[in-house]
Amino acid sequence: MIDRREFMQHTGAAALTALATPAWGAERLPTRLIPGTDESLPIIGLGNSRAFAAADLSVASSVLDTFLQYGGGYVDISGSSRFTVGKIVADRRAQHNTFLGNYLNGQNLDEMRAEIRKLQLVQGDGALDLSMKRDVADLGARAAEFRVLKEEGLLRYVGIGRPHQRFYPAMMKLMEDGVVDFIQVNYSMLEPEAAEQILPLAVEKNIAVVINRPFLNGDYFGIVKGQELPDWAAEFNCESWAQFSLKYILSNPAVNCVLTETSNPKHLIDNLGAGFGVMPDAATRQKMYAHIRTLLR
Ligand SMILES: NC(=O)c1ccc[n+]([C@@H]2O[C@H](COP(=O)([O-])OP(=O)(O)OC[C@H]3O[C@@H](n4cnc5c(N)ncnc54)[C@H](OP(=O)(O)O)[C@@H]3O)[C@@H](O)[C@H]2O)c1
């Protein structure tokens with residue numbers, strides 16, 4: 001693993017100096033253990049942004065450099081983003097500082113092997129960190145193929161990710177059957193249902209939990225627009241509405257990491273800030289949950 005100074009030499013990240021240094025400037029993101037392992041994941045991750053998908057190297061590099069500078073790790077990448085992000089990470093020799101959640105498309109074992117080899121040409125030779133799937137039924141039917149990829153050293157972890165509660169029952173079946181090491185689900189003050197069953201099951205089964213839709217794909221900012229943060233948000237080091245949502249999510253102990261999608265490095269700095277300082281306690285979480293409902297029109 002390269003250290004921070006070496007990393008900064010490789011990034012040549014001029015864009016970073018243009019950003020205001022946040023209060024937590026020199027710190028790196030806290031991490032949480034992947035259950036059942038001695039491997040840790042930084043608690044704020046990066047979603048699959050428009051900049052990655054469009055292969056906008058300037059914006060994608062700026063976002064990734066900022067993310068890595070502050071100790072970010074998990075990046076969720078599907079389609080062409082796998083190559084955009086993989087190349088930027090490889091150029092910076094930061095493979096060992098990142099954890100890439102790749103979505104595989106191959107329809108059988110041979111296609112997936114070939115796909116992984118193609119990704120390795122860009123991302124580096126090692127096993128893929130994580131293969132995410134969106135198709136719950138397909139993953140259930142092909143669980144044995146993913147076990148083979150692991151045995152062959154091509155893949156370390158398998159995950160299922162969906163952004164709606166209607167998928168939870170089928171996802172829970174995969175969790176009960178021991179098919180997945182990771183789940184990725186929507187969870188926030190305005191989409192709290194995952195806390196009822198699927199997150200407790202993940203804790204019981206030692207499955208890592210990654211959260212998507214922390215900002216309802218941006219709709220959250222429409223709800224809080226023009227509203228003042230309550231004074232008491234300062235008690236848990238919360239300085240923005242983005243942090244208000246992220247700190248609520250991260251203070252659920254089942255959560256390993258929350259994915260934040262942005263193509264704006266300033267927004268990323270804001271989001272990373274949620275990983276630092278005090279997290280809300282149970283009583284404060286209730287107050288946050290009630291408060292956000294007063295803003296719904
Ligand atoms: N597996 C699946 O089926 C699945 C489904 C949904 C999502 N996901 C994953 O989860 C990730 C996140 O979920 P999501 O797509 O619903 O996005 P999200 O993170 O809930 O919201 C993204 C939106 O919020 C804006 N934003 C981000 N940070 C901000 C800030 N600090 N201040 C103001 N605006 C901010 C972004 O705009 P800017 O770019 O302008 O910052 C963007 O419009 C996705 O990228 C994807 O990787 C997976």
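Predicted model: local features only at pLDDT ≥ 70, side-chain atom pairs only at ≥ 80, totals over all residues.
Residues are numbered from 1 along each chain as its sequence is written.

**Stop 1: helix H5.** Select residues 81-91. Helices (H or I, at least four residues) and strands (E, at least two) are DSSP runs, numbered from the N terminus. Ser81, Arg82, Thr84, Val85, Gly86, Ile88 and Val89 are buried here. Buried means that 20 or more other C-beta atoms, placed from the backbone, lie within 10 Å of the residue's own. Now show what covers them: the cover includes helix H3 (50-53), helix H4 (57-69), strand E4 (74-77), strand E5 (99-103) and helix H6 (109-123).

**Stop 2: strand E8.** Select residues 182-186. Five of its five residues are buried. Phe182, Gln184 and Asn186 lie on one side, and Ile183 and Val185 on the other.

**Stop 3: strand E7.** Find Ile160, opposite Ile183 in E8. Next, follow the chain from E7 through helix H9 (residues 168-176) to E8: this β-α-β crossover is right-handed. That is, with the strands pointing away from the viewer, the path from the first strand over the helix to the second runs clockwise.

**Stop 4: strand E9.** Select residues 208-212. Five bridges join E9 to E8, and the two run parallel. Asn212 in E9 is the bridge partner of Asn186. Finish with helix H10 (residues 198-204), which forms a right-handed β-α-β unit with E8 and E9.

Note on methods:
Buried ≥ 20, exposed ≤ 12 C-beta atoms within 10 Å, placed from the backbone. Contact = placed C-beta atoms within 7 Å. Pairing = 2+ DSSP bridges.
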